[in-house]
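Please look over the structure shown here before reading on, and keep it in view while following the paragraphs below.

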Amino acid sequence: MKAHLTRRYLFSASHRLHAATLSPEENQAIYGKCNNPHGHGHNYALEVTVSGPVNAETGMVCDLGELDEAVHHDVIERFDHQNLNMLPDFDGLVPTTENLAQVSFNILKQSFRSAHLEKVRIEETLMNSFEYAAGGEPRY
Amino acid sequence: MVRRNMIYLTRKCEFSASHYYHNPQWTEEENRRVFGKCANLNGHGHNYTLEVTVKGEIDAATGFVIDLKQLKDLLNREVLEAMDHRHLNKEVPEFASRIPTTENIAIAIWQRLEKKLHLAKLHRVRLYELPDLFVDYYGEA
C-alpha cells in the first residue's frame, strides 16, 4: 500500500529579486520592493513530500531520520542564514521562491533515494506558497 | 507532455461574510430538516480563508510564474470587494439563485477568477468556512 509522508522544516535567508538581463527600471517595475538594492529576508517553511509502499515490517514509508539528515545536510545547511543571491545555485537564476522550490527539489532528488520524492512546497510568507513536483500535479 | 518547469503558487486571503441556507422550493420544515440552524433567515457569519492556487511555468527572465501583486489585486477586486463584509445571499449576484454553501462560494470564486486570470492557469480554489472545514474546487464540471 502506497502512502505519502510530508515533513516540515524551517530556514531563514535573504534575497534580492533582480534579473541581470533587465534594465534597472524594468527590475523595479517587475519586482517592486523585492528589488531594493540591499535585499530583504524571509522565514521560509519547506515541506518535503515523499511516497512509497508502507514497509510491512516497520510500518513506515521511509526512515524519518534519513529524510531529516538529507534535508538538513543538503538543503537547510545550504540556505539557512545565507544570502541566496550569493550561492552558486542562483548564479544566473533569480532567487524567486519558484526557483528556490525547483532547486530544492532537484537537490533532494539526487541526495535522498530511500523513497520517491513527490513534491517540495515552500512558504515564503504566511500568505504565499509555491509547489514543485517535476511535472506531477500536486493534489492533497 | 510532462512540463518539468510547472510551479503551483498559492495565495491566501481572508474575508468575513454572512449567509443563510434556504431553498425557496422547499417548505420551512424541509429547509430546517436539511440545513438545520444554517436555515435561520436572519443569517449568520463566518471568517472565510481563501487559498487560490495557480500554475504555470517559470518565466526564464523574471523567475516568476505570475506577479504576486497582480494576483493579490485580482483577489482584492474580484473576491474581497464583492464578498468581504457582505451578506452573500443579498449582495452577491451569484447567490440570488444559488445557495451560498461553501461549495457554491468556491465555484463562484473559481468562475470569477478564471475569466480574469490571463498570466497563469487556475488550478484550485480552496475555501475554509472554519479551520476544520474546507472545500476544494478544481474547475471540474
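Two strands are said to pair if DSSP finds at least two bridges between them, and the strands themselves, like the helices, are DSSP runs numbered from the N terminus, with helices being H or I runs of at least four residues and strands being E runs of at least two. In this predicted model, local features need a pLDDT of at least 70 and side-chain atom pairs count only at pLDDT 80 or more, whereas totals for chains, interfaces and linings use all residues. Residues are numbered from 1 along each chain as its sequence is written, while chains are lettered from A and ligands numbered from 1 in the order in which they are written.

Strand β5(A) pairs with strand β1 of chain B, residues 6–19, in the antiparallel sense, and the pairing runs over five bridges. Within β1(B), Arg11(B) is the bridge partner of Asn128(A).

The meeting of the chains can also be described by contacts, where two residues count as in contact if their C-beta atoms, placed from the backbone, lie within 7 Å. By that rule, 21 residues of chain A are in contact with 19 residues of chain B. On the side of chain A that touches chain B, α3 (97–111) and β5 (128–132) each supply at least two residues, and the largest share, five residues, comes from β5(A).

Turning to chain A by itself, we find three helices and five strands, which follow the pattern β-α-β-α-β-α-β-β when read along the sequence. The C-alpha trace of chain A spans about 60 × 30 × 25 Å along its principal axes. Among the contacts in chain A between residues at least 6 apart in sequence, 68% join residues at least 24 apart.

Helix α2 (residues 68–83) and helix α4 (residues 102–116) of chain B pack at an angle of about 135 degrees, with their axes 10 Å apart; here axes are lines fitted to C-alpha atoms, for helices over the stretch in contact, and angles run from 0 to 180 degrees between N-to-C directions. The two helices α2(B) and α4(B) are therefore oblique to each other, since angles under 35 degrees count as roughly parallel, over 145 as roughly antiparallel, 65 to 115 as roughly perpendicular and the rest as oblique. The contact is made by Leu74(B), Glu78(B) and Val79(B) of α2(B), together with Ile109(B), Arg112(B), Leu113(B) and Lys116(B) of α4(B).
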